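Okay, thanks for coming, everyone.

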Amino acid sequence: MSVAAALVDREWSLAELAAAYAYPEPVPGAPRPWLRANMVSTLDGAAQHEGRSQPISSAADMRIFGTLRALADVIVVGAETVRQEGYRPARARAEFAAAREAAGQAPAPAIAVVSASLELDFSLPLYTSPLVPTLILTGAAAAPGRIAAAEKAGATVVIAGEGRGIEPARAVRALAGLGHTRLLTEGGPRLLGQLIAAGVLDEMCLTLSPMLTAGDAQRVAGGPSVAVPRRFELVSLLEEAGFLFGRYRRS
């Protein structure tokens, strides 16, 4: 049964949002990784405006964005999104410190950058000064020189595919092997499309922005279509100022 609620009368506290978006309780002795995505879309299907998601977002969307990050062990993101959105290391938040410690989590989630070429700027703070070392997910055919440059900068390179790119199921298993079972992906669309096609996405958190942009912006997911549309069920639906915040799980 779906749950509907409104954010109209007051601003939800971070504790209430954390409870609303809690990850499923792990099975004792056999923790299973759970991969959720968090994306925003306009009414006409645009995931970005002029290459960035911020123009179609809102204050409530950013509160939920921050909460989902604070609940996660690791944030998986594509290299192009890192470039376009100017990713920095995830920060520790005092409001979630006790809960993260009780759950056995690091003070902040790690960022895991998905890159086939490793053509990344390793002088950026994301690689040189994160609170938790940044991970780079790539394939076995990645250039050894780029792997060495990543490791020299302080990043941890994780091989999650036999060719140049990653294999989504293998990437999820590799992250779980490092102790990261609460997984969050923020896209971009190409990466999310890969995860959907591979059948590894467990949950979709989607903000529907009451805006129209037209143009040729990407959808929240791209790439090849799946043979049969995958059905997800609505878990909860929040609303504030015309923005809808849906949470869907794999049926």
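Let's start with Thr207. Leaving out residues up to four places away in sequence, Thr207 touches Met39, Val40, Ser41, Asp61, Phe243, Leu244 and Phe245, where a contact means heavy atoms within 4.5 Å. Thr207 sits in strand S8, residues 203-209; helices here are DSSP runs of H or I with at least four residues, strands are E runs of at least two, and both are numbered from the N terminus. Is Thr207 buried or exposed? Buried, with a relative accessible area of 2%. For the cut-offs, buried is under 20% relative accessible area, exposed is over 50%, and partly exposed is in between, using a 1.4 Å probe and protein chains only. Also, Thr207 and Pro224 are 17 residues apart in sequence and 23 Å apart in space, C-alpha to C-alpha.

Some housekeeping. This is a predicted model, so local features need pLDDT of at least 70 and side-chain atom pairs count only at pLDDT 80 or more, while totals for chains, interfaces and linings use all residues. Residues are numbered from 1 along each chain as its sequence is written, and side-chain values use heavy atoms, with hydrogens and water left out.

How confident is the predictor? pLDDT is its confidence in each residue, from 0 to 100. The mean for the protein is 91, and 95% of its residues reach 70 or more. Residues 1-8 have pLDDT below 50, and that stretch has 19 contacts in the model beyond near neighbours in sequence. Where pLDDT is low, the predicted coordinates should not be read in detail.

Asp61 came up as a neighbour of Thr207, and its side chain also makes a polar contact of 2.6 Å with the side chain of Ser57. A polar contact here is a pair of N or O atoms within 3.5 Å; within protein, one must be able to donate a hydrogen and the other to accept it, and residues adjacent in sequence count only if both atoms are side-chain atoms. Ser57 is in the loop between S2 and helix H2 (59-71), and it is buried, at 14% relative accessible area. Beyond its neighbours within four places in sequence, Ser57 is in contact with Met62, Met211 and Phe243. Phe243 is also on the list for Thr207.

Now the cores. A nonpolar core is a set of buried Ala, Val, Leu, Ile, Met, Phe, Trp, Tyr and Cys residues joined through side-chain atoms within 4.5 Å. Which members of the largest one touch the most other members? Of its 39 residues, those are Tyr21, Val113, Tyr127 and Ile136. Elements that each supply at least two residues of this core include helix H1 (14-20), H2, S3, S4 and strand S10 (243-250). The largest share, five residues, comes from H2. There's also a second, separate core of 27 residues, which includes Val132, Leu175, Leu192 and Ala221.

Leu175 takes us to helix H7. The buried residues of H7 are Pro168, Ala171, Val172 and Leu175. Why do I say they share a side? Because they cover an arc of only 100 degrees around the axis, which puts them on the same side of H7; the arc is that of the directions from the helix axis to the C-beta atoms. The face turned away from that buried side carries the exposed residues Arg173 and Gly177. As for partners, the buried residues of H7 pack against S2, S3, strand S5 (135-138), S7 and H8.

And Leu192 takes us to helix H8, residues 189-197, where Pro189, Leu191, Leu192, Gly193 and Leu195 are buried. Among the elements covering them are H7 (168-177), strand S7 (182-185) and S8.

A cis peptide bond joins Gly187 and Gly188, with omega about 5 degrees, and Gly188 is in the loop between S7 and H8. Then Ala214, in the loop between S8 and strand S9 (232-240), has a positive phi near 55 degrees without being a glycine. Ala214 counts as exposed at 54% relative accessibility. Ala241, also not a glycine, has a positive phi of about 50 degrees. Ala241 is in the loop between S9 and S10, and is exposed at 68%.

Terms used. pLDDT = per-residue confidence, 0-100.
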